[in-house]
There are 2 protein chains.
Amino acid sequence: MSTHQTVQAAVPASSHQLPEIVQNALDRVESLMLSVVESDVTVLRDASYHILSAGGKRVRPRLVLLAYSAVGGKDPDFATPVAAAVELVHTASVVHDDINDHGIVRRGRPSVNALWGRTFALLTGDFLFTKVYELMAPFKDMNIILADATVALVEGETLQASAVKENNFTREVYYKIIARKTAALFRAAGELGARLAHGQPEQTEALANFGYNVGLAFQIIDDVLDLTGDTEQLGKTAGIDLEQGRGFAAVQEKDVITSLKEKVLQGDAIHEAYEQAQQLVTLAISELDIVPDSDAKTSLIDLAHLIVERSY
Amino acid sequence: MSTHQTVQAAVPASSHQLPEIVQNALDRVESLMLSVVESDVTVLRDASYHILSAGGKRVRPRLVLLAYSAVGGKDPDFATPVAAAVELVHTASVVHDDINDHGIVRRGRPSVNALWGRTFALLTGDFLFTKVYELMAPFKDMNIILADATVALVEGETLQASAVKENNFTREVYYKIIARKTAALFRAAGELGARLAHGQPEQTEALANFGYNVGLAFQIIDDVLDLTGDTEQLGKTAGIDLEQGRGFAAVQEKDVITSLKEKVLQGDAIHEAYEQAQQLVTLAISELDIVPDSDAKTSLIDLAHLIVERSY
């Protein structure tokens, strides 16, 4: 398999067909996110609008809504606040990441940090992290699932910053990082969607595991694209994970980063990463065996495939 | 009234007598906060321990527990997770403030930012902000009260940063800022405590208003102490609110800050601020008229007085 051909032929995840009822709910997730960040404090509103209206793949809210439908949920609108909350957690983390990583491009636009500066970017991230719980308040027991996943996300980001600082970026550490910083929230997305539809315990567990494995694959591909892509195509500053060590260094060691990037690209690492992501997606899809066939299940399988095949 | 004599004679807020059952619950708030920030990600655990074990006045959890008892709650331990959550919101905001304000001393210790650097301070703040909702998850409808107060806090901080940047620090703007960044969380503390004890609606409202007015007074005194105190006495970097404009300026205008500080100290501003704080405390205490007398009510009144009389 030529992974690079696959990348070239990739279809944006957003183009895959969703059941109409899910697509409509996903549209309402957008308007709900925009309405929940309304504030008379214009900086917070404007910066939140800026990052939210830039779009993004919306993989996580899709996962919430499709998991909900796949286990028999009939009113995806019931799940839209939770889907919006999950995407806000991701958005908040992205705004804070761009402070720590000096990211100047995000979702094809200047980052909040680049436009409003560090102080307001920090506060905008805090604002978004907190709006999550305004949305989640009515969902009672579900709150702990999202809070735990968000704690894991922050822990994963911290492990990553520590590994960069201590120059301890082994494969084992890498998997520990992506499990927390990405897969935990994907897992929560699958679990929350299924729970909201009162899915049977084993189906709920299957959707959680589906999310977890898809999340791992998603992050692996993200990191590959970060290495191989350019900033314009990615819609965010490329090579940033390699470069983020500069926050700790007195000087930017650009040559070191460039040579490291070349080294990774020369070896088998990219090919291996695609193989690993593909295996995780296969594993994720096999989790769905105990979920009855439906349009939503088909869309979940499509989503999993697209995660490996995407080019941004 | 000589406000400066009052300041000199001040007794630390922590020395006032609490009903034993409330003091015991407050002790458990400490251990609960330390246990909830446990993590195998050592930076997050260590930085959280560092800021939490430095102490602090714990005014907000006191308010939760005393409000609970004042409206008839018999088991303050039931309220400890909420009291801990309220203090964690405050602690998270303090960690993030010290990034934005370049604060190097907090609670008599080096700030998280000073010891671990900006990246880890940002992530520690995110960690603490999220742990709030792990604690709050079982409290269902209460979540929205704390989330709303936290949004207000972030809005208040943002208004403050905007006012500094735009050099628009009028008295009206000042009150808008402190209402959100401080009084909203104090209000929530009073309201949450009373609600947890199933207080009658008018008593719950009275405790909320008590918290709000005490919160305004607390912040006014905090700002006066920030102007008049030194760093050692305050346990945090003094003069920081005046100085925080430097984040936006290319150069530090230290002379401007020194002269502004002198200007404020020369005028009637300090005396007026104490008068205002005293009026707010009187107003707060009058809110408690409809609450039956009890040791907890006496402690609330003591707490309100101590807020104006404290020296740190």
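Which helix of chain B holds B:V89? B:V89 has its place in helix 5 of chain B, which covers residues 80–100. The structure shown here is a predicted model.

**Chain A as a whole**

- Chain A contains 15 helices and two strands.
- Chain A has 312 residues, and 53% of them count as buried.
- Take the contacts in chain A between residues at least 6 apart in sequence: 74% of these join residues at least 24 apart.

**How the two chains are related**

- Chain A is superposed on chain B by a rotation of 180 degrees, with 0.0 Å of shift along the axis and an RMSD of 0.0 Å.
- This is the relation of a two-fold axis.
- Within chain A, the C-alpha of A:K140 is the one nearest the axis, at 2.4 Å from it.
- Both copies use the same surface, since 100% of the contact residues of chain A recur in chain B.

**The interface between chains A and B**

- In the contact between the chains, 34 residues of chain A meet 34 residues of chain B.
- Four helices of chain A each supply at least two residues of the side that touches chain B: helix 3 (42–53), helix 5 (80–100), helix 7 and helix 8 (142–166).
- Helix 8 of chain A gives the largest share of that side, with 13 residues.
- Sorted by class, the side of chain A that touches chain B has 17 nonpolar, 10 polar and seven charged residues.

**Helix 7 against helix 7**

- Helix 7 of chain A and helix 7 of chain B, each spanning residues 118–136, pack at an angle of about 15 degrees, and their axes are 10 Å apart.
- Angles under 35 degrees count as roughly parallel, so helix 7 of chain A and helix 7 of chain B are roughly parallel to each other.
- The crossing of these two helices is right-handed.
- On the chain A side, the contact is made by A:L122, A:D126, A:F129, A:T130 and A:Y133.
- On the chain B side, the contact is made by B:L122, B:D126, B:F129, B:T130 and B:Y133.
- By class, this helix 7 contact has six nonpolar, two polar and two charged residues.

- Leaving out residues up to four places away in sequence, B:V89 touches B:V132, B:L146, B:T150, B:L153 and B:L185.
- B:V89 and B:T130 are 41 residues apart along the chain, and their C-alpha atoms are separated by 8.9 Å.
- B:T130 is also one of the residues through which helix 7 of chain B contacts helix 7 of chain A.

**Arginine 58 in each chain**

- A:R58 is not a glycine, yet it has a positive phi of about 55 degrees.
- A:R58 sits in the loop between helix 3 and helix 4 (59–70) of chain A.
- A:R58 counts as partly exposed, with 19 C-beta neighbours inside 10 Å.
- B:R58 likewise has a positive phi of about 55 degrees although it is not a glycine.
- The loop between helix 3 (42–53) and helix 4 (59–70) of chain B holds B:R58.
- B:R58 has 19 other C-beta atoms within 10 Å and is therefore partly exposed.

Methods: Residues are numbered from 1 along each chain as its sequence is written. Chains are lettered from A and ligands numbered from 1 in the order in which they are written. This is a predicted model: local features need pLDDT of at least 70, side-chain atom pairs count only at pLDDT 80 or more; totals for chains, interfaces and linings use all residues. Axes are lines fitted to C-alpha atoms, for helices over the stretch in contact, and angles run from 0 to 180 degrees between N-to-C directions. Angles under 35 degrees count as roughly parallel, over 145 as roughly antiparallel, 65 to 115 as roughly perpendicular and the rest as oblique. A crossing is left-handed if the near helix is turned anticlockwise from the far one by less than a right angle, and right-handed if clockwise. Two residues are in contact if their C-beta atoms, placed from the backbone, lie within 7 Å. Ala, Val, Leu, Ile, Met, Phe, Trp, Tyr, Cys and Pro count as nonpolar, Asp, Glu, Lys and Arg as charged, and the others, Gly among them, as polar. Copies are superposed by least squares on the C-alpha atoms of residues with pLDDT of at least 70 in both. A residue is buried if 20 or more other C-beta atoms lie within 10 Å of its own, exposed if 12 or fewer, and partly exposed in between; C-beta atoms are placed from the backbone.
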